[in-house]
Amino acid sequence: MQKELHITGCKEYQPERLKEQIDAHLDRYPEFRDLKGKKVLLKLNLLSATEPERAVTTHPQFVRALTININERGGRVLIADSPGGLFTRGILEKIYRETGMKNVADETGAELNYDTSAHTERFPEGRFIKSFHICDYMRKADLTIAVPKIKTHMFTGLTCASKVMFGAIPGTEKVKYHTRFPDTTDFSRMLHDLTDLCGVDLFLVDGIIGMEGKGPSKGEPRKVGVIISGKDPRAIDLHVARITGLDPGKLPILKAAFKDDLLYPDEELILSGDGEDLKLEPAFKPARGGQIATNPPRFLKRFMINLSTSKPRISIRNCIGCGVCRDNCAGEAIRIVKGKARIDYSRCIRCYCCHELCPHDAVYLSIKESGLARYIEDTTYRYFID
Ligand code: SF4
Ligand code: SF4
């Protein structure tokens, strides 16, 4: 069962079709057939307060269809995520409203989480991290379904099943993990431990419209046309890479899984469903953030970072000096000067949280596309991260 995935083709968020397909996915997993008296946590991707059409967040029609199916099986739904940035009731209200989750809750009776408390859990089995401070909402249900999207990611290459549980870390505490693990592979190894600690019962991917390019929040929506379910988040991400044409060997989230022997690049997965042969043409545009090596000497590392990775830059015209980027900057590299954000590049660790979270599209990336830059990036990758 572990490396088995069920994949169905689904081209649009059409309510009846979604309900029927999600019903069939749930039927495959015995613990979801009868949910009488059970509370089911839907851990969504609610990164920010953006409208569904931008494909940043799990689509409300998908959540609606899933909730109706759970209700019909006798269960109750709790919708939750800790978004990027602050984790307060006011922020959650805004996010639920903008992403369409408030309407879903009003229509289906689903409960929206407003509990922003957290606790520490030890995780002796962790390969890389032995304890995490996680949101209390993670332990308020009998079963958990993670409902990620398929998006490129400037830092981990891909955000889908193995990245979605980062939302179990409360609010701006996420910044500490970026500070602690500036290396993309280390950060991804941490994510795999966190995902295992969370004990998700099922991953159900809203892969109908994904995001390519400058994901997870500033890329372009792209139709993928699938729903994927399975128990193994790494297997899902490997298959997503194969569907989208992203090179698994260049996605830190999968490189970390390969490094810890959680799966292998050429692993044969057990696939079923009418979407098992789907492959996108042309492939997804990757997120070209850059890779930071941790091993080279400091002066060399700084040189390579500057030459081979994209710099976050501030659009003076769009920036309103709100400070969201400063408050989420893992390198403490941002100050607000005369009402505008200013970045100290000597401190910037290229985590791209500022780009991900700026609510005013005021952070853009200067993409390095020169042959020399790409050569250095590839060399850095091969010698220092492999
Ligand atoms: S760059 Fe964006 S997040 Fe940062 S201060 Fe300006 S508007 Fe706010
Ligand atoms: S300036 Fe942006 S990319 Fe650099 S460390 Fe701060 S949040 Fe990360």
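Analyst: A pocket is an open set of points on a 1 Å grid over the protein atoms alone, where a 1.4 Å probe fits and protein lies on both sides within 12 Å along at least five of seven lines. Its volume is the space filled by probe spheres set on the points, with grid points joined across faces, edges and corners. This is a predicted model: local features need pLDDT of at least 70, side-chain atom pairs count only at pLDDT 80 or more, and totals for chains, interfaces and linings use all residues. Residues are numbered from 1 along each chain as its sequence is written, chains are lettered from A and ligands numbered from 1 in the order in which they are written, and side-chain values use heavy atoms, without hydrogens and water.

User: What volume does the largest pocket have?

Analyst: Rolling a probe the size of a water molecule over the atoms shows where empty space is left. For the largest pocket, the volume is about 480 Å³.

User: Which element gives the most to the lining of the largest pocket?

Analyst: Lining residues have an atom within 4 Å of a point. There are 25 of them, with S48, A49, K94, L357 and P359 nearest the centre. Elements giving two or more are α3 (89-98), α10 (324-327) and α11 (353-357); helices are DSSP runs (H or I, at least four residues), and strands are E runs of at least two, numbered from the N terminus. The top contributor, with three residues, is α3.

User: Which residues come nearest to ligand 1?

Analyst: A residue is near a molecule if one of its heavy atoms lies within 4 Å of it. The shell has 12 nonpolar, three polar and no charged residues. Nonpolar covers Ala, Val, Leu, Ile, Met, Phe, Trp, Tyr, Cys and Pro; charged covers Asp, Glu, Lys and Arg; the others, Gly among them, are polar. Of the 15 residues around ligand 1, the nearest are C319, C322, G323, C325 and C358.

User: How many charged residues are in the shell around ligand 2?

Analyst: The residues around ligand 2 include C329, C348, R350, C351 and C354. By class, nine in this shell are nonpolar and one is polar. The charged count is one.

User: Is L44 buried or exposed?

Analyst: L44 sits in strand β2 (residues 39-44). L44 is in contact (heavy atoms within 4.5 Å) with residues beyond four places in sequence, among them T58, I79, M101 and V164. Buried means under 20% relative accessible area, exposed over 50%, partly exposed in between (1.4 Å probe, protein chains only). Because its relative accessible area is 0%, L44 is buried.
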